[in-house]
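User: Could you show me how to read helix packing and nonpolar cores in a model like this?

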Amino acid sequence: MRMAETAKSQSVTRARKKTVFIVDDHPLLRQGLALLVNRERDLTVCGEAEEAQTAMREITLKKPDILIADISLNGPDGLDLLKNLRMLYPNLPVLILSMHDESIYAERALRARANGYIMKQEATEKVLVAVRRILSGDIYLSDRMANKLLHQYISGASADLNSRLSALSDRELEVFRLIGEGRSTRQIAEKLHLSVKTVETYQAHIKDKLSLHSGRELVQHAIQSSYQ
């Protein structure tokens, strides 16, 4: 009788686990997150992917309770993935994970209907907190970012570089970020699966929107942004 009760209890425990799907193009980071999640009694990783197209297929099959996705992916980025997901799975909780400054990307992720944003620097410490908070129906942001958004709401947007970057489309911002990393136009085209001509068009739009007059100014502003 006791063995039967124990087996039943274990079965119930497994049934209560929430499933997590991870999308990141760095295998070591995916492995680290999976180990972190799988140590928890109430969570388990049900699948992984390194790019958006595979993620869409696997999510359809695995039907996770929550998705953790990096912004920077080869091809369509994490925000593109999020927008496509929202058309098919409007209620799937999504936590965006990124190495990029939350002051630039977090608000954009929330506008794309992410349920939270966390920087990789604090992921080990806070990712489980973020996942559980999102699964409970809340939004997760760092205290710093939550305070900044509240301040912007009260006082209005400032005229700094981050504010001006809000004029860029998601793809333009991705190109801008890659310029700041020192990528050439051809390297950006290869990473984003675009033609060189298309990337050059994005660069021209960025210069117009940021009132920049040369490629050198564009590079300088992109580098400045990457170090903020």
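Predicted model: local features only at pLDDT ≥ 70, side-chain atom pairs only at ≥ 80, totals over all residues.

Analyst: Residues are numbered from 1 along each chain as its sequence is written, and side-chain values use heavy atoms, without hydrogens and water.

User: At what angle do α9 and α10 pack?

Analyst: Axes are lines fitted to C-alpha atoms, for helices over the stretch in contact, and angles run from 0 to 180 degrees between N-to-C directions. Here α9 (residues 170-180) and α10 (residues 185-192) pack at about 130 degrees, axes 10 Å apart. Under 35 degrees is roughly parallel, over 145 roughly antiparallel, 65 to 115 roughly perpendicular and the rest oblique, so α9 and α10 are oblique to each other.

User: And how do α10 and α11 cross?

Analyst: The axes of α10 and α11 (residues 196-209) come within 9 Å and cross at roughly 110 degrees. That makes the pair roughly perpendicular. In contact terms (heavy atoms within 4.5 Å), T185, R186, I188 and A189 of α10 meet V196, V199, E200 and Q203 of α11.

User: What about the largest nonpolar core?

Analyst: In soluble globular proteins, nonpolar side chains tend to be buried together. A core is a set of buried (under 20% relative accessible area, 1.4 Å probe, protein chains only) Ala, Val, Leu, Ile, Met, Phe, Trp, Tyr and Cys residues joined through side-chain atoms within 4.5 Å. The largest has 44 residues, and F176 is among those with the most contacts inside it. Helix α9 gives the most to this core, with 5 residues.

Key: Helix = DSSP H or I, 4+ residues; strand = E, 2+ residues; numbered from the N terminus. Buried < 20%, exposed > 50% of the residue type's maximum accessible area, 1.4 Å probe, protein only.
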